[in-house]
Amino acid sequence: MRRALELARQAWGQTHPNPMVGAVITENGKIVGEGFHAKAGEPHAEVMALRSLGRKPGAEAILYVTLEPCCTHGRTPPCVEAIIQAGFRTVVVGALDPNPAHAGKGLDLLRAAGISVIEGVLGEECEDLNLIFNHWITTQRPLMAVKVASTLDGKLVLAPGEGKQITGAAAQADVHQWRRLFPAIAVSADTLLADNPRLTSRGPKGEFSPIRFVLDRTLKSAGRVGLNLFQDHHRSRTIVVGLAALARKSDLAWYEAEGITVWALSGEAEEFLDAWAERCAAEGLTAVLIEAGPRLASALLQGAFADYLFAYVSPRLRGDPDSPAWFEGAELPMVAVRTSALGQDALFRGYLG
């Protein structure tokens with residue numbers, strides 16, 4: 001199952017709106033076939049593993065798969081049928097299908113066909129692999145995840161003279177990995193103007209740009225030159241989100257001339273974030289990673305808007321005394337918490353209750 005997880009991760013960030021899935025076939029304790037789901041519309045992991053085997057599985061063959069095999073017709077036939085036709089006697093499953101309409105049904109069909117099914121092997125890891133898909137399929141809303149990098153006292157800005165980077169190289173590389181998973185990323189207009197971020201994922205495989213949102217209710221970023229999000233070669237993937245009631249025609253014309261998409265949302269200021277989330281859902285965006293400053297982070301958490309939290313914490317203590325802690329005024333009940341050591345820094349992540 002660990003090998004099946006490794007295979008699934010080879011499609012990291014490439015399968016939306018589908019889950020990442022890996023599959024391994026063993027005979028007499030040796031791997032003889034393996035596969036993973038590469039992207040939506042392409043064959044599922046179980047089919048790819050059978051293709052790599054290139055023959056009918058032997059009598060003692062075991063199929064390991066990170067997610068319950070599908071049992072319904074979509075863009076591809078149900079994998080349950082392929083498994084039964086292949087003649088497997090044993091199937092080992094990591095996580096159940098999170099869709100309430102399907103959960104457990106695939107396993108029931110396998111058992112009804114006389115196949116021995118073992119479930120829950122590395123279940124937590126298999127479920128965590130698809131935290132975006134799991135939320136999307138059960139709510140039909142994008143997973144709104146807040147990411148912060150703070151000192152031990154919760155400051156997102158260092159004291160004057162202490163530099164800008166709070167966390168070290170390992171934590172920063174980890175952020176780029178998560179940026180590659182999320183189909184969209186967002187910052188406030190304040191962060192855009194103060195830090196001029198690129199909001200791309202940069203790693204061994206090169207640079208990847210998710211959709212890049214700028215949350216800018218009054219469109220105050222209009223007319224600002226020299227900003228990476230407005231001038232780099234990924235600018236077609238930049239979307240400025242504002243309120244229609246506050247949008248001036250001259251500002252809208254400026255963005256259009258620069259080739260920048262604007263979502264001018266209807267409604268009042270207090271409805272802004274919910275309207276944005278609804279538009280994301282309508283566009284089929286399964287998740288957004290919000291890289292928040294202290295004001296935005298506090299607002300998202302106090303308003304119970306965020307679904308998930310990535311909190312990178314540095315052992316440094318000299319935060320800016322004039323900057324509020326990002327969690328001020330917010331209650332943070334977290335569930336399914338996972339922790340990682342990243343050099344001297346730590347990552348705490350989990351769902352917000």
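Modeller: The account below treats charged contacts, then ring contacts, and then a surface patch and some details of the backbone.

The model is predicted, so local features need pLDDT of at least 70 and side-chain atom pairs count only at pLDDT 80 or more, while totals for chains, interfaces and linings use all residues. Residues are numbered from 1 along each chain as its sequence is written, and side-chain values use heavy atoms, with hydrogens and water left out.

I begin with the charged contacts. The structure holds 15 salt bridges (a side-chain nitrogen of Lys or Arg within 4 Å of a carboxyl oxygen of Asp or Glu). One of them joins Arg349 to Asp128, whose closest N and O atoms are 2.8 Å apart. Arg349 belongs to strand S16 (residues 345–352) and Asp128 to helix H5 (residues 123–129), so this pair ties together parts that are 221 residues apart in sequence. Helices (H or I, at least four residues) and strands (E, at least two) are DSSP runs, numbered from the N terminus. Both Arg349 and Asp128 are buried (buried means under 20% relative accessible area, exposed over 50%, and partly exposed in between, with a 1.4 Å probe and protein chains only).

A salt bridge also links Asp190 and Lys220, with 2.6 Å between the closest N and O atoms. Because Asp190 is in helix H8 (residues 189–195) and Lys220 in the loop between strand S10 (211–215) and helix H9 (228–231), the pair ties together parts that are 30 residues apart in sequence. Here Asp190 is partly exposed, at 35% relative accessible area, and Lys220 is partly exposed as well, at 39%.

The side chains of Lys39 and Glu42 form a salt bridge too, at 4.0 Å from N to O. Lys39 is partly exposed, with a relative accessible area of 44%, and Glu42 counts as partly exposed at 31%. Salt bridges can also share partners: Arg3, Glu6 and Glu34 are linked in a network.

The rings come next. Rings of Phe, Tyr and Trp (its six-membered ring) pair if their centres lie within 6.5 Å; planes under 30 degrees apart count as stacked, over 60 as edge-to-face and the rest as tilted. By this rule there are 11 aromatic pairs. Phe182 sits in the loop between helix H7 (169–181) and strand S7 (184–188), and Phe310 in strand S14 (residues 308–313), so the pair ties together parts that are 128 residues apart in sequence. Phe182 is buried, at 1% relative accessibility, and Phe310 is buried, also at 1%.

The rings of Phe230 and Tyr255 have centres 6.0 Å apart and planes at 80°, which means that this pair is edge-to-face. Since Phe230 is in helix H9 and Tyr255 in helix H10 (residues 249–258), the contact ties together parts that are 25 residues apart in sequence. Phe230 counts as buried at 2% relative accessibility, and Tyr255 is buried at 0%.

On the surface, Glu268, Glu270, Glu271, Asp274 and Glu278 gather in a patch of negative charge. Such a patch is made of residues with over 30% relative accessible area and no salt bridge, with like charges joined within 9 Å. Glu270 is placed in the loop between strand S12 (261–265) and helix H11 (272–282), and is exposed, with a relative accessible area of 65%.

Some backbone details complete the account. The peptide bond from His16 to Pro17 is cis, with omega near 5°, and Pro17 lies in the loop between helix H1 (2–9) and strand S1 (22–27). Asn28, in the loop between S1 and S2, has a positive phi near 55° although it is a residue other than glycine; Asn28 is exposed, at 71% relative accessible area. Ala336, in strand S15 (residues 334–342), likewise has a positive phi, near 50°. Finally, Phe36 is found in strand S2 (residues 30–36) and is partly exposed at 23% relative accessibility. The C-alpha atoms of Phe36 and Met48 are separated by 6.4 Å, and the two residues are 12 residues apart along the chain.

How values were computed:
Patch = residues over 30% accessible without salt bridge, like charges linked within 9 Å, V, L, I, M, F, W, Y side chains within 5 Å. Areas by Shrake-Rupley, 256 points an atom, 1.4 Å probe, with all protein chains shown as cover. Lys, Arg positive; Asp, Glu negative; His and termini not counted. Charge placed at Lys NZ, Arg CZ, Asp CG, Glu CD.
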